[in-house]
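Dear colleague,

Please find below the structure that I am handing over to you. My notes on it follow, and I would be grateful if you read them with the structure open.

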Amino acid sequence: MEQEVEHGFSNLSSMEMHCTSSSGSDDDTGCPAAAEQKDHQVTASPLPRRRLSEPQVASTRSDSMAAVKLKEFWGRATSDVWRFFRFEVDQNGCYIDKKLAVCLECRKRIKYCGNTTNLAHHLYKKHYILRQGQNPPEQSNTFPVNVHSGSPGGTKFQVRKNEKLPVDSSKLRKVTDALTKFFYKELCPLNILDSNNFRELCHALDPGFGLPHQHYFISNVLTPLYENEVVHLKESVSAAKWHCISLEIWQSYQSETSVTVTCHFINDDWHLISSCLQTFSLLSKKCGCLVQELKCLVEEWNLNIPVVVFDPRHGFVTEAVKLLKWVPMPCLGHSLNSAIRKALNLPRVANLLDSVRNVVAFVQGRGDAAEILEEKPQLSQSLSANLQMDNDSVWSSTLDILEKFIKEERTLCAVLVASPSDRHLIPSEKMMSEIRNLVEILQPYKMATVHLSSAQYPSSSTSSILFPVLEKLRSSFVKSPTSIDFGQCLKSAIQEELTAYYQEETMQQFMLISSAMDPRVKSLSFLSQAKREQVFNEVKLEARNFRSRELTAEGSEQTETAVNIKREIVEPDEVNWMNFSSSPATVSQAHADRYRMSPPAKKLKPDDFGSWLGDIVLTSDENPEQIDNELQRYRIERDFSLSSNPMEWWRVYSGTYPHLSCLARKYLCVPATSEPPDRVFSLTSNAIHAKWACLDSSTRNMMIFLNQNLK
């Protein structure tokens with residue numbers, strides 16, 4: 001008794017049919033009895049049917065197919081297609097119909113015409129089984145994998161395991177956007193796209209998403225996104241009248257000096273915007289190379305720059321800014337860091353800090369400290385949590401360790417006394433006095449640093465606070481006198497360094513006018529009365545000049561517009577005869593000649609009568625008394641809170657003080673630091689620059705631009 005054939009495949013890659021091929025002719029006219037002797041019936045143990053990627057049509061199988069007996073192809077099976085098809089036989093083993101093959105996957109009857117074309121097409125369409133070397137239809141978006149080997153020399157097949165996502169599908173756009181955001185937010189090198197491990201990971205997450213290669217991703221995804229954002233940013237930048245740029249200089253792993261340029265401007269809603277414009281590499285640290293790059297940048301973005309903020313440690317930047325006739329403005333954060341770090345490297349201060357670090361190293365487990373601290377676990381936990389080694393590149397960490405050293409003085413002495421070999425590390429009274437003096441000197445700088453780091457960058461930390469902060473730091477030296485020469489030397493070193501950074505006259509004038517435009521410090525109480533009046537006289541003069549230039553520009557623009565309008569009326573380029581109901585022949589030739597030969601229009605001249613009386617009769621816009629009255633009313637306004645945002649004040653009162661608001665846009669768009677303060681006063685900047693340095697030079701500009709501008 002022949003068993004019924006239950007054909008199923010749990011895995012096509014390991015598919016093996018429980019049958020043997022028989023030799024014979026491929027002619028369907030052979031004797032059924034002879035064929036029966038050559039062929040044998042197929043029997044197989046029941047296996048669970050595999051799940052396909054799309055719904056199977058096995059549900060359409062009739063119940064009568066369950067009792068049908070099947071046999072292999074009667075001829076010589078050279079094609080691998082016959083692994084998936086059989087023919088029906090009767091109870092005697094004779095073929096019922098040699099022109100209908102039965103699919104082992106869906107039990108559907110497929111017409112057989114002497115070749116395997118119909119059978120292979122059925123496998124491809126219904127069961128995702130593709131002949132190797134066969135090109136799928138364009139609309140199918142196949143993703144062929146898992147090649148199946150057939151008989152030796154026979155045709156091979158492979159399975160369309162998953163179809164690719166359609167090009168216009170929302171899921172494909174969502175996955176592509178998420179992948180793009182991952183790269184420019186995390187600043188990952190784009191060569192990861194060509195990594196086999198990363199491609200396997202993405203395929204495991206979503207087999208339908210075809211991960212693009214690096215060059216395709218750059219040209220078709222990253223570049224269009226970058227160009228689109230550049231167009232939008234140029235529209236915002238061109239709408240502002242005044243701009244300020246800050247330069248952030250860093251080095252890549254290839255020792256290339258790179259410059260990242262950030263533009264700051266105030267928009268129509270009185271929001272101080274900071275946007276990264278460009279990152280470029282310098283061939284050498286010479287002012288000539290930087291000047292050429294900055295000229296191209298200004299021309300490309302159409303910038304109106306009065307001042308540039310930068311790290312003062314780079315001398316070639318100062319020379320380049322002066323050659324471009326801009327006001328150089330040192331970054332307050334880098335200036336403080338540089339001045340204090342130089343002061344801490346003084347011989348006497350450096351020896352004091354080395355003594356403190358030796359004690360901290362002892363607490364962290366050097367020598368007999370481990371055994372002593374094991375016997376006193378409470379002391380161990382307290383000291384380990386409070387005392388951590390400082391970082392030389394961040395002076396605030398040095399101040400923190402000194403403050404904790406003073407706090408844990410008694411505990412440290414108790415631990416050091418218990419170790420006879422380390423008693424020389426016990427701090428003396430003189431040493432503790434110098435430490436307290438050093439902490440007292442650095443406290444004002446810590447307050448300035450905390451304010452800059454906590455303020456909203458760059459809205460609340462603009463150049464208007466530079467002069468008050470520097471004046472406060474200078475006065476703190478006088479109000480905290482000390483008889484120890486150690487403290488005086490440290491104060492003098494810091495003060496001399498800061499004074500050298502901000503000693504230029506144009507720089508100081510810009511900072512003072514900027515403070516006058518800030519409603520928080522507009523009283524200028526940190527200046528003498530004479531100096532205060534001098535600053536406001538400069539404000540008044542610049543407001544008049546600024547308004548005069550505006551009126552001149554508006555007048556020339558109106559004159560040019562009027563002349564162009566009259567030229568269009570008097571001197572048309574040509575006559576559009578199609579607008580006439582009659583043909584050109586019906587128009588009078590004399591009229592046409594007279595129309596074409598009319599004399600050119602005379603240029604409009606300013607009103608002679610107005611020019612004659614202009615020196616004694618002024619319009620309200622040109623009246624200098626209006627600016628004087630506006631300035632007087634502004635000076636008696638109540639000062640804004642120091643912790644508030646000055647842009648909020650000007651958003652409310654810009655209509656009340658129209659002339660001064662124009663100056664405020666120019667002077668308040670300058671930040672106090674060249675980069676966010678939280679990066680200046682910590683190691684965050686080093687971590688960010690390390691990521692930037694890993695980027696390829698060809699895509700570095702686009703990646704940093706998108707990282708800084710897209711939130």
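**Notes on the predicted model**

In this predicted model, the largest nonpolar core has 84 residues. Those with the most contacts inside this core are Leu438, Tyr445, Ile494 and Trp650. Helix H14, which spans residues 429–454, gives the most to this core, with 10 residues. Leaving aside residues up to four places away in sequence, Leu438 touches Leu344, Val349, Leu352, Leu353, Leu402, Phe486 and Leu490. There is also a second, separate core of 60 residues, and Trp250, Phe280, Val308 and Leu710 are among them. As general background, nonpolar side chains tend to be buried together in soluble globular proteins.

Please look next at Ser238, which is in helix H5 (residues 214–239). Ser238 is partly exposed, because its relative accessible area is 46%, between the limits of 20% and 50%. A polar atom of the Ser238 side chain lies 2.9 Å from the backbone oxygen of Lys234, and the side chain of Ser238 also reaches the backbone oxygen of Glu235 at 3.0 Å. Asn302 is 64 residues from Ser238 in sequence, yet the two are 6.7 Å apart in space, C-alpha to C-alpha.

Arg107 is not a glycine, but has a positive phi of about 60 degrees. Arg107 is in the loop between strand E3 (100–103) and strand E4 (109–111), and is buried, with a relative accessible area of 7%. Lys325, also not a glycine, has a positive phi of about 60 degrees. The loop between helix H7 (315–323) and strand E12 (327–330) holds Lys325, which is exposed, with a relative accessible area of 77%.

Yours sincerely

Note on methods
Residues numbered from 1 in each chain as written. Predicted model: local features only at pLDDT ≥ 70, side-chain atom pairs only at ≥ 80, totals over all residues. Heavy atoms only, no water. Core = buried A, V, L, I, M, F, W, Y, C linked by side-chain atoms within 4.5 Å. Buried < 20%, exposed > 50% of the residue type's maximum accessible area, 1.4 Å probe, protein only. Helix = DSSP H or I, 4+ residues; strand = E, 2+ residues; numbered from the N terminus. Contact = heavy atoms within 4.5 Å. Polar contact = N/O pair within 3.5 Å; in protein donor to acceptor, adjacent residues only side chain to side chain.
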